[in-house]
Amino acid sequence: MALGNAKYLSAHWRRQMTYQTYFGSLDKFEKGTIELINDKATNYAFSNIFEVASRSRPYEKVVVGKNLQYVIETLRAEGESSWFAASHDEFAIVMDGEVEVNFIKLDNPATIVPPAKEGSVRIEGKPVGKKMGLVRLKRGHQALLPAGAAYQFRAVQRGVLVLQTILGDHSVERWKEICYQ
Amino acid sequence: MSVLDVVASGPDKVTGYRTFRLGSFEFTRDAYFATLKWPAKGQTRTHQMPADLFLRALMRDVAWGFFYGWVNFDDVIGTRNHYGKVDLYAGAFNDNLRSAGVDHTEQFATPLIMATFKAILRDWVNEGFDPFAAPEETGSAFGAKHGDNLAAIERFRIATKRMPGLQGDSPLRDDLPVNRQFQDVAQDEPVVLAEPGFEKELSAINLFKYLSRSDVTWNPSVTSVCKQSLFCPTTEEFILPVFHGNDRVEWFLQLSDQIVWDVGDKNSGSPRARLTMKAGDIAAMPADIRHQGYSTKRSMLLVWENATPDLPKRYESGELKPYPIEM
């Protein structure tokens, strides 16, 4: 048989059902809920990335998920960001809006992001190195931010980014403000 | 581990299904039910599950390689991963059965229990039933044995080293159709303009397109790797076929639509909370809970795992608190 076989869908289901996939956005989101039975809401560190971004400064790296040193950061994409780099791979997902990412291969990465340094490092001014190119991302697109490459975000259309990275000097933690208490 | 090490009977004369033994556990199935038998207090104890629910749970346990921690098939039976060895238990994480002393746990080398579970799937999954699929997308699991569905249960998953689509890394899913419930998900590609010499270093994918083409439910696969931090998104419809018990903190970021999570105590199963997560919501699943999710509309969920090897010991010893953030 075919996998995920459509032949098993009943005629009724095919005729009646239309589906709308709901993605949140900076301008339109609905935060879920916690119904407590025998627990504390803070144990779940429950927040909403769009709500967090709606209250953040552009490109403020607000931590919304933390697993020891590893973090998920939410960034409000608006205008142009500073240049950043890391000694390890990072990944960006556009959750809303349209974002261009420019890359420069650092001439001397070890001086800016030594191998033992974790998290993204902000670079003052334009980094020294070769231009690598750019990627243009819309909602749902994911880009590799490769180790040793400097990158800069530019919002073509303001929105929200999610960053998979490691807690760094510029990570902002304000759990009490963003989570259900 | 060879298939020869799996202990199985011949086909039953009435139903056609084989019976399997693993240690002192015995697995049988009939037209409707899977039954597990084990010894306790001088008697043979039994527990039944509807065959479809059992096979969906078993399929996840196999596909996930016994996952991180506990995979509870229901409130009685399940497995615990010790990473090289696996416990199979009945009643050990059920307050009533444990306090009555009728629970039973045995530990097996991972290759043996994996080979046995795969053999059960090969024998018990009939033609037309896909244990990975949502109920609306598959035929029935029930009835006497009729054929098999090896293509469905032996889907090959390629491990991702950095990100799908990179040279030498796992493939994208462009050859799979868009799921019926994600027909409205944009299929456009990101623009990648690499300067000469950097074509292999810049990469971007349409993650939502990738997910919209997933042909399985409740089956996370890695899409980005930052050292031991793994993004493992998955598409969800109907019920997570197991209660996953955490041996570490994991996080959920709801990428689209909505999932409701029942959260219970890891050891007793007693309810602790119920979370309704909507698009953009992010929440931790603490290291001392078990959880099961419900997704009416097929949804996209980003499961975030920390694969640091020593985490189970550090949580169990109390070195790490079960919840991730002090507030």
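Predicted model: local features only at pLDDT ≥ 70, side-chain atom pairs only at ≥ 80, totals over all residues.
Two bridges join strand β2 (residues 47-48) of chain A to strand β18 (residues 281-285) of chain B, and these two strands run antiparallel. Strands pair here if DSSP finds at least two bridges between them. In this pairing, S47(A) stands opposite I282(B) in β18(B).

Residues are numbered from 1 along each chain as its sequence is written, and chains are lettered from A and ligands numbered from 1 in the order in which they are written. Helices (H or I, at least four residues) and strands (E, at least two) are DSSP runs, numbered from the N terminus.

Let us stay with the two chains together. The contact takes 71 residues from chain B and 69 residues from chain A, where contact requires C-beta atoms, placed from the backbone, within 7 Å. On the side of chain B that touches chain A, strand β17 (residues 271-278) gives the most, with eight residues. That side divides into 37 nonpolar, 15 polar and 19 charged residues. Here Ala, Val, Leu, Ile, Met, Phe, Trp, Tyr, Cys and Pro count as nonpolar, Asp, Glu, Lys and Arg as charged, and the others, Gly among them, as polar.

Chain A has four helices and 11 strands, and its C-alpha trace spans about 65 × 45 × 35 Å along the principal axes. Of its 181 residues, 51% count as buried; that takes 20 or more other C-beta atoms within 10 Å of a residue's own, with exposed meaning 12 or fewer, partly exposed in between, and C-beta atoms placed from the backbone.

Now to chain B and its strand β3 (residues 25-29), which is largely enclosed by the rest of the structure because four of its five residues are buried.

| Pairing | Bridges | Residues between the strands |
|---|---|---|
| β2(B) (residues 20-22) with β3(B) | three bridges | two residues |
| β3(B) with β4(B) (residues 33-40) | four bridges | three residues |

In the β2(B)–β3(B) hairpin, G23(B) in the turn has a positive phi of about 60°, and L22(B) has F25(B) as its bridge partner.

Finally, F66(B) lies in the loop between α1 (51-63) and β6 (70-72) of chain B. F66(B) counts as buried because it has 23 C-beta neighbours inside 10 Å. Leaving aside neighbours within four places in sequence, its contacts include V71(B), V86(B) and T110(B).

Key: Contact = placed C-beta atoms within 7 Å.
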